[in-house]
Amino acid sequence: MRNLFWAYAAVWLIHLGYLFRLASGQKKLSDDLAALKKSVVERER
Amino acid sequence: MMVFALILIVIFSFAFEPTAEETRRIAGGLLWIAFTFAGILGLSRSFARETTNECLQGLLLTPAGPGAVYLGKLASNVAFMLAAEAVVLPIFAVFYNIGLGSRFPWLAGILLLGTWGFASVSTTFSAITANTRMRELMLPLLVLPISVPLLIAMVEATATWIAGEPMREAYLWLQLMTGFDIIFTVASLLLFPYIVEE
Amino acid sequence: MGKRTWNLAGALLPAITAALLLIAFYVVFLEVPTERTMGVIQRIFYVHVPSAWISFFAFFVVFVSSLAYLATGQARWDWAAVSAAEIGLVYCSIVLTTGPLWAKPVWGIWWTWDARLTSTLVLFMIYVAYLLLRNAVSDPSRRANLAAAVGIIGFLDVPIVYMSIRWWRTQHPQPVIAGGAGSGLDPEMWRGFLWCLAAFLSLFAWYFRERYRMERMRAELESLQREMSPRP
């Protein structure tokens, strides 16, 4: 039945979307942290 | 705030024919929508006023403690809303042809319980959103979903009253409102010190 | 939780989750019999109801974390609260999407003001407001305090919301989306349900670990930035 397909598709989309958010969020934060720490080191030089 | 409630009621009259039978059934809901929205507008100023000149910090220095500040704010907000309701209600009764005389104490009780509950939630969230960005939007966004049980109870109890049915049928709603009021006032009292903490 | 356990969890949780999801999928689609009255569409139940349970559990975690934060003042409870709130909203979205998709073929209408679905909607609105409030406050400790207050009040409201909507519905009856998790469920269906619940719980744990880690990084970033910028 079509709605069953859409329901499971929606579920997958939502979960994959959230996983993507988590992954990209973590990547951005760790990049920002690395950049910030690097500039701290530069500054102390 | 009174004026806003009145404007809403007039607009409702255009949207819903006041003399029709169906409108009598939803009249309770219309009244409470008017009070709720007017209430939020009026009460959002409640803590906003305190942020100027650091009034709130001054208030908190009183030996009575933050709890007393909350109760004081709450009492004044309740009085403020009740005063507005006292003016709007007779006008509403005229527009919608609802006799206020019979069983008025019941309506007064519903109004008191509902107003207390709504004011207690609004006062708390007004304090919470006082120094936040988009304050005017955050307040209704927080207050309305939390107040859903109160709104349902108020509308159902008022509908029972308007329809002339025995108030015994509305006991459930009255109990809900009382419970809601108690729980939220106590919770707010306990949480208030953390909300105003610097 | 020690560093080693934390790292171990980070590696194991996705694997366990994937395994559980596969098992659950298999059980739900290949073993469980098709429901008599509703037909194949009823299989939405296996994703709809466990997600509702998990979202409720998540909001309970928000409640406990908020209380712990106010009691201890430790930032990690705030990190836990925001993580649980976000994940709770994810599961809530699933409930609110699968609900209407289930209702339309069965009842002919998208939304039936069913007590449980409507309560979930109100819950959704409360926790969206919770996240929006967090975004509107810049100072981390004020943000944590205010969020904790909302997290506590919101959860206290949940049973009241549910009861009030339920009583409202008994006055004005409308179709019910699911015949209740316990109402005459075939033991075969219980198996499917429980496997799905286990899989979603494992998924919750994995999401939680990752989101918590993200929040911890953000806190570190914020405090470094504050150290670096000269105070006015």
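Predicted model: local features only at pLDDT ≥ 70, side-chain atom pairs only at ≥ 80, totals over all residues.
**Exercise 1. The surroundings of Leu150(B)**

State which element holds Leu150(B), and find which residues it touches beyond four places in sequence.

*Solution.* Leu150(B) lies in helix 7 of chain B, which covers residues 148-162. There are 30 other C-beta atoms within 10 Å of Leu150(B), and the cut-off is 20 or more, so the residue is buried.

Leaving out residues up to four places away in sequence, Leu150(B) touches Gly114(B), Gly117(B), Phe118(B), Met177(B) and Phe180(B). Thr178(B) is 28 residues from Leu150(B) in sequence, with a C-alpha to C-alpha distance of 9.5 Å.

**Exercise 2. The make-up of chains A and C**

Describe chain A and chain C by their secondary structure and their share of buried residues.

*Solution.* Take chain A to begin with. Its secondary structure is one helix and zero strands. Its C-alpha atoms fill a box of roughly 65 × 5 × 5 Å along the principal axes. Of its 45 residues, 7% count as buried.

Now chain C. This chain has six helices and zero strands, in the order α-α-α-α-α-α from the N terminus. Of its 232 residues, 45% are buried. Among contacts in chain C with a separation of 6 or more, 82% join residues 24 or more positions apart.

**Exercise 3. Helix 3 of chain C and the helices it meets**

Examine helix 3 of chain C by itself, then work out how its axis lies relative to helix 2 and helix 6 of chain C.

*Solution.* First, the helix by itself. Helix 3 of chain C has 33 residues and reaches 47 Å from its first C-alpha to its last, close to the 48 Å expected at 1.5 Å a residue. Buried residues number 24 of the 33, so helix 3 of chain C is largely enclosed by the rest of the structure. After the helix comes Gly108(C), with a positive phi near 85°.

Second, the quantities to compare. Two packed helices are described by the angle between their axes and the distance between the axes.

Third, the pair with helix 2. The axes of helix 2 (residues 45-72) and helix 3 of chain C come within 7 Å and cross at roughly 160°. Angles over 145 degrees count as roughly antiparallel, and that makes helix 2 of chain C roughly antiparallel to helix 3 of chain C. The crossing is left-handed. The residues of this contact are 20 nonpolar, nine polar and one charged.

The axes of helix 3 and helix 6 of chain C come within 9 Å and cross at roughly 130°. These two helices are therefore oblique to each other. Helix 3 of chain C passes helix 6 of chain C in a right-handed crossing. Among the residues that meet are Trp79(C) and Ile87(C) from helix 3, and Phe204(C) and Tyr212(C) from helix 6. By class, the contact has eleven nonpolar, one polar and four charged residues.

**Exercise 4. The two sides of chain C**

Which elements of chain C supply at least two residues to the side that touches chain A, and which give two or more to the side that touches chain B?

*Solution.* Begin with chain A. In this contact, 27 residues of chain C meet 19 residues of chain A. Helix 3 (75-107) and helix 6 (187-228) of chain C each supply at least two residues. Helix 6 of chain C gives the largest share, twelve residues. This side of chain C has 15 nonpolar, five polar and seven charged residues.

Then chain B. Here the contact takes 26 residues from chain C and 23 from chain B. The elements of chain C that give two or more residues are helix 4 (115-136) and helix 5 (140-171). Helix 5 of chain C gives the largest share, 17 residues. By class, this side of chain C has 21 nonpolar, four polar and one charged.

Technical notes
Residues numbered from 1 in each chain as written. Chains lettered and ligands numbered in written order. Contact = placed C-beta atoms within 7 Å. Helix = DSSP H or I, 4+ residues; strand = E, 2+ residues; numbered from the N terminus. Nonpolar A, V, L, I, M, F, W, Y, C, P; charged D, E, K, R; others polar. Axes fitted to C-alpha atoms, helices over the stretch in contact; angles between N-to-C directions. Parallel < 35°, antiparallel > 145°, perpendicular 65-115°, else oblique. Left-handed = near helix turned anticlockwise from the far one by under 90°. Buried ≥ 20, exposed ≤ 12 C-beta atoms within 10 Å, placed from the backbone. Expected span 1.5 Å × (residues − 1).
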